[in-house]
Amino acid sequence: MIRSDEKAQIVAVRMDERLLHGIITTQWIPRTLCDRVMVIDDVVANDPLKKEVMKLSKPVDKALSIIDRSTAINHFGEGKYHGQRIFILSRDLRVLPALLELGYPLPVINIGMYYAPARDHVLTKRVALSREDMQIIGVLRCAGCSFISQYVPSDETVRLDRALAHL
């Protein structure tokens, strides 16, 4: 139930190349108990066709936002999502430090399937990070954020914090 007198709560964060797709819709969203699914992606948000295609995966009982990083930061800063439980899907780690700066605590960050163009650090068969990603993750880890990789809920959770600390 959405309560307008409460600050928005980010209940799940997933970095995923495919953003909103079948596994997210059928397996992850039901586990989050979210009110809103938020796709934060500059490319999809600014491509009407890609945006419409992504909307086809929207669960019937959830609100959906498909917005660029700047809009997301502005909307959170303005308190637009008061009382909502939000599941963030993105391919852009840069949005996360901005959300922390706005005072939004982040849950464990699930890097589900994420391949940086410059694959400087391969952590699992589905996670490859760039140097820039590692810098952002370093900032997030210093702020107390924790990282896992789990493709589907039935997979074993791979804790990435130890591997990230050694890179």
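**View 1. Burial across the predicted model.** Of the protein's 167 residues, 50% count as buried (under 20% relative accessible area; exposed is over 50%, partly exposed in between; 1.4 Å probe, protein chains only). This is a predicted model, in which local features need pLDDT of at least 70 and side-chain atom pairs count only at pLDDT 80 or more, while totals for chains, interfaces and linings use all residues. Residues are numbered from 1 along each chain as its sequence is written, and side-chain values use heavy atoms, with hydrogens and water left out.

**View 2. Overall fold.** The protein has seven helices and nine strands (DSSP runs numbered from the N terminus: helices are H or I, at least four residues; strands are E, at least two). Its radius of gyration is 15 Å, close to the 15 Å of the globule rule for 167 residues, so the protein is as compact as a globular protein of that length. The radius is taken over C-alpha atoms, and the rule is 2.2 Å times the number of residues to the power 0.38. The C-alpha trace spans about 40 × 30 × 30 Å along its principal axes.

**View 3. V95 in its helix.** V95 lies in helix α5, residues 95-101. V95 counts as buried because its relative accessibility is 0%.

**View 4. Partners of V95.** Leaving out residues up to four places away in sequence, V95 touches I40, R69, I73 and S90 (contact: heavy atoms within 4.5 Å). R69 is 26 residues from V95 along the chain, yet their C-alpha atoms are separated by 6.1 Å. Across the protein, 69% of contacts between residues at least 6 apart in sequence join residues at least 24 apart.
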